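Please read the following briefing alongside the sequence and the model. It is arranged by topic.

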Amino acid sequence: MAGSSALLPRGEGSFGRSRGGSAVNGSRDGEYRLRLNSPWHEDGYRAYIEQSWRWGDYDGGAERRSRWGVGIERRWLRRHWWAGVSGENASDDPGVELGWSQWLDDRWQYQLLTQFQSPETPLRAERSDREGRLYQAQVTWRQNESRQATLTLGALDISDGNLRSDVTAGLSQRVQASAHHRTRLRGSLSAEHNSQSETDYYSPADTRSAGVTLEHDWLTWRRYDHAFTQNVSLGTASEWERGYGSAPGYDARYGHVWQLTRTWSINYGVGWGSHEYEGEREARWFGQLGFEGVL
C-alpha cells in the first residue's frame, strides 16, 4: 500500500422512536460513531481514533454512554490485525479490543475478536456499572461475487454472572444484476442463550430466529465522479422466545447514497421494524445518516 498524507474520516448514526414494548430499545434511542483514520503507511499500518455515543429512554429512566478509542491496524498478504483501547473517561481503566482475520484462499476467511468492556454490553447493564467481555469467531465462505455464507459464534461474559452465547448463520445470494440494478436475497438463522434471565435488562433464557431479506439497489443517476443510488430492503422472520412462544417479525428500510466527489459520499435512510419482546409487540421507526471521505 502506498503512503499518503490524507486523513480518512467516517461517521454513522441513527435515531429511533418505539411504541408498545420497551424491553430492548426503550421509547427513544440513538447512537453514533465517528472514526478518523490516519493515512496507510507503505508497510500496511495505520492508526485511528474513535468517538461513540449511545442512549436510550426506558421505563426506569434514561441511560447515556459515551466512549473514546484509539488503536492501530495492519493489512498485508490477505491478513488483517488490529488492537485498540477505549473507555468512557481517560482516568478509567481502559477496555481492550484485539482482532485478527485472514483469507486462507479465494473462498475461505476466518476472523477472531475479543473485547474487554465491550460496547455490545446492554445499556441498562452498564447503568449498574457492569462490564462485558466479548469473544467471537467467524468463518466466511465466498463462492464468487454472487454467493457468500457466514457462521458466527459469540459469547458475552457480563460481570453480573450472565453468560450470553449466540450462533448466527447467514447466506447471501445475488439474484439479479445489470448496469443500474442489483438485487440480493439474504437468509439468516440465529439462536441465543442467557445463563441468567432474571436481570434488569432484556435477557431471555433462549431465543431463536429464521428470516429472509430482499435488498435492491438502483443506480438512478451518474455523471463522472458523481452518482445517486436508491436502496430498499424488506425482511420478515419467524422469532421464538422461551416462555412466550413464536411470533413474526418485520423490517423495512429505504435510503439514498450520494457520491459527491471521487472521495466523498453521504448516505441516509428511514426504516421501520415490528418485533415481539417478552410477549409485547414493539414497533420502531428510525432514521440513519452516515458519511465518509478524504481530508
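R65 is found in strand β4 (residues 61–76); strands here are DSSP runs of E with at least two residues, numbered from the N terminus. This is a predicted model, in which local features need pLDDT of at least 70 and side-chain atom pairs count only at pLDDT 80 or more, while totals for chains, interfaces and linings use all residues. Residues are numbered from 1 along each chain as its sequence is written, and side-chain values use heavy atoms, with hydrogens and water left out.

**Surroundings of R65**

- R65 counts as buried at 15% relative accessibility; buried means under 20% relative accessible area, exposed over 50%, and partly exposed in between, with a 1.4 Å probe and protein chains only.
- The side chains of R65 and E88 are joined by a polar contact of 2.5 Å. Such a contact is a pair of N or O atoms within 3.5 Å; within protein, one must be able to donate a hydrogen and the other to accept it, and residues adjacent in sequence count only if both atoms are side-chain atoms.
- Apart from neighbours within four places in sequence, R65 is in contact (heavy atoms within 4.5 Å) with S52, W53, R54, E88, L123, E126, R127 and D129.

**Surroundings of H275**

- H275 lies in strand β15 and counts as buried, at 12% relative accessibility.
- The side chain of H275 makes a polar contact of 3.0 Å with the side chain of D251, and a polar atom of the H275 side chain lies 3.5 Å from the backbone oxygen of Y250.
- Leaving aside neighbours within four places in sequence, the contacts of H275 include E239, G249, E280, R281 and E282.

**Aromatic rings and charges**

- The structure holds 10 aromatic pairs. Rings of Phe, Tyr and Trp (its six-membered ring) pair if their centres lie within 6.5 Å; planes under 30 degrees apart count as stacked, over 60 as edge-to-face and the rest as tilted.
- The ring centres of W272 and W285 are 6.4 Å apart and their planes stand at 50°, so this pair is tilted.
- W272 lies in strand β15 (residues 265–277) and W285 in strand β16 (residues 280–292), so the pair ties together parts that are 13 residues apart in sequence.
- W272 is partly exposed, with a relative accessible area of 29%, whereas W285 is exposed, at 58%.
- F15, Y32, W53 and W55 are linked into a cluster by ring pairs.
- The charged end of R35 sits over the ring of Y48, 3.9 Å from its centre; this requires NZ of Lys or CZ of Arg within 6 Å of the ring centre and within 35 degrees of the ring normal.
- R74 lies over the face of W76, at 4.4 Å from the ring centre.

**Nonpolar core**

- The largest nonpolar core has eight residues: Y48, W82, L113, A125, L134, L156, I158 and Y201. A nonpolar core is a set of buried Ala, Val, Leu, Ile, Met, Phe, Trp, Tyr and Cys residues joined through side-chain atoms within 4.5 Å.
- Beyond neighbours within four places in sequence, Y48 is in contact with residues including R35, W82 and A83.

- Strand β10 (residues 163–177) and strand β11 (residues 181–194) run antiparallel and are joined by 13 bridges; strands pair if DSSP finds at least two bridges between them.
- β10 and β11 form a hairpin with three residues between them, and T168 stands opposite S190 in β11.
- β11 and β12 pair in the antiparallel sense over 13 bridges, and the bridge partner of T183 in β12 is H216.

Note on methods: Helices (H or I, at least four residues) and strands (E, at least two) are DSSP runs, numbered from the N terminus.
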